[in-house]
Amino acid sequence: MAAVAFIGLGNMGRPMALNLVKAGHALRVFDLNPAAVAALVAAGAVAASTPGEAAAGAEIIVSMLPAGPHVRDVYSSAGGVFDRLAPGGLCIDCSTIDVATARDVGDTAAQRGFGFVDAPVSGGTSGAEAGTLTFMVGGPAAAFAVAQPFLAAMGKTIVHAGGAGNGQAAKICNNMILGISMIAVSEAFAMAERLGLDAQTLFDISSKSSGQCWAMTSYCPAPGPVPTSPANRDYMPGFAASMMLKDLELAEKESKSVGSATPMGHLAAKLYRDYCDQGAGGSDFSGIIQMLAKGA
Ligand code: NAD
């Protein structure tokens with residue numbers, strides 16, 4: 001079993017790290033939030049006081065951080081991971097970040113003699129808890145092969161998406177679909193209520209019809225039909241609306257950089273910006289149904 005450092009123990013990182021502990025790996029963990037660290041220590045991990053301290057002596061580093069600047073800081077700042085990791089160590093960044101930062105941090109890793117893959121995930125907190133995440137991995141084939149058994153302890157579907165940054169490209173495209181489809185499902189359930197059609201009935205029909213999608217059947221934004229969805233716990237995340245906005249803004253940035261037409265992605269970003277501006281950035285992203293249900 002390997003010495004693994006895990007940095008970023010939030011909604012996703014905590015259950016992912018717990019699954020690595022369950023698989024028998026020795027974890028050294030760091031998060032800015034002491035309560036997040038304490039939860040892992042209770043499960044048998046060792047606390048580190050900086051990312052560099054977590055990396056010292058590790059063979060594998062896994063990070064699950066909010067956005068690109070956090071990833072750059074954890075890996076590249078003075079005393080960070082790259083200053084303390086032993087030569088030959090492999091870094092697996094599972095955060096959702098911009099393609100350019102993923103490629104840039106990957107290049108720095110290679111120059112310093114480390115492996116690096118971008119390995120963002122899909123499947124939400126329930127997938128993280130169940131160890132059924134989908135990983136989309138960018139990086140050299142040799143690094144992918146080393147990463148694979150560690151990813152298999154946290155997920156079920158592991159896809160090599162190509163060279164550095166391609167994991168992030170896949171994730172950003174996927175989440176643009178998710179942001180747009182969550183708004184579509186929310187609009188439909190809000191309109192159904194006004195039309196006198198209850199949520200469970202619409203769910204029973206649409207979940208077996210052409211409107212079926214993950215945002216409906218696994219994460220229904222209307223309370224009731226999917227007991228595990230955040231709609232049934234007052235939209236506590238889950239996946240925060242501010243994170244969805246970040247991902248849709250990444251999609252806008254990437255679409256501009258390659259001249260891709262993404263009118264629905266653009267509108268979805270605007271609606272999530274409006275929702276977050278109302279102070280709801282910390283709510284689950286499916287809570288956008290509450291904004292839409294207010295009516296025109
Ligand atoms: P989160 O905010 O719950 O967790 C992020 C954690 O990182 C927090 O515990 C925070 O304290 C820690 N952190 C921030 N800066 C740090 C630093 N410099 N050093 C150490 N720790 C630091 O977020 P999350 O929902 O777990 O999401 C993490 C990433 O996974 C994001 O990029 C998100 O887009 C992506 N993601 C989330 C979901 C989901 O359903 N929540 C699904 C797929 C992908």
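In this predicted model, a polar backbone atom of Met12 sits 2.9 Å from an oxygen atom of the ligand, and a polar backbone atom of Pro66 also lies 2.9 Å from a ligand oxygen. On its own the ligand would expose 830 Å², and the protein buries 88% of that (Shrake-Rupley areas, 1.4 Å probe). Asn11, Met12, Asp31, Pro66 and Lys246 come nearest among the 25 residues around the ligand, where "around" means having a heavy atom within 4 Å.

Now for the largest pocket, which holds about 920 Å³ of space. A pocket here is an open set of points on a 1 Å grid over the protein atoms alone, with protein on both sides within 12 Å along at least five of seven lines; lining residues have an atom within 4 Å of a point. The volume is the space filled by probe spheres set on the points. Of the 44 lining residues, Met12, Met64, Leu65, Phe239 and Met243 are the closest to the pocket's centre. By class, the lining has 23 nonpolar, 16 polar and five charged residues. Helix H9 gives the largest share, six residues. Domain 1 (3-163) and domain 2 (169-292) both contribute to the lining, so the pocket lies between them.

Residues are numbered from 1 along each chain as its sequence is written. Local features need pLDDT of at least 70 and side-chain atom pairs count only at pLDDT 80 or more, while totals for chains, interfaces and linings use all residues, and side-chain values use heavy atoms, leaving out hydrogens and water.

How values were computed. On a 1 Å grid over the protein atoms alone, a cavity is a set of points where a 1.4 Å probe fits but cannot get out, and a pocket is an open set with protein on both sides within 12 Å along at least five of seven lines; lining residues have an atom within 4 Å of a point. Helices (H or I, at least four residues) and strands (E, at least two) are DSSP runs, numbered from the N terminus. Ala, Val, Leu, Ile, Met, Phe, Trp, Tyr, Cys and Pro count as nonpolar, Asp, Glu, Lys and Arg as charged, and the others, Gly among them, as polar. Domain bounds come from an automatic or database domain assignment. A polar contact is a pair of N or O atoms within 3.5 Å; within protein, one must be able to donate a hydrogen and the other to accept it, and residues adjacent in sequence count only if both atoms are side-chain atoms.
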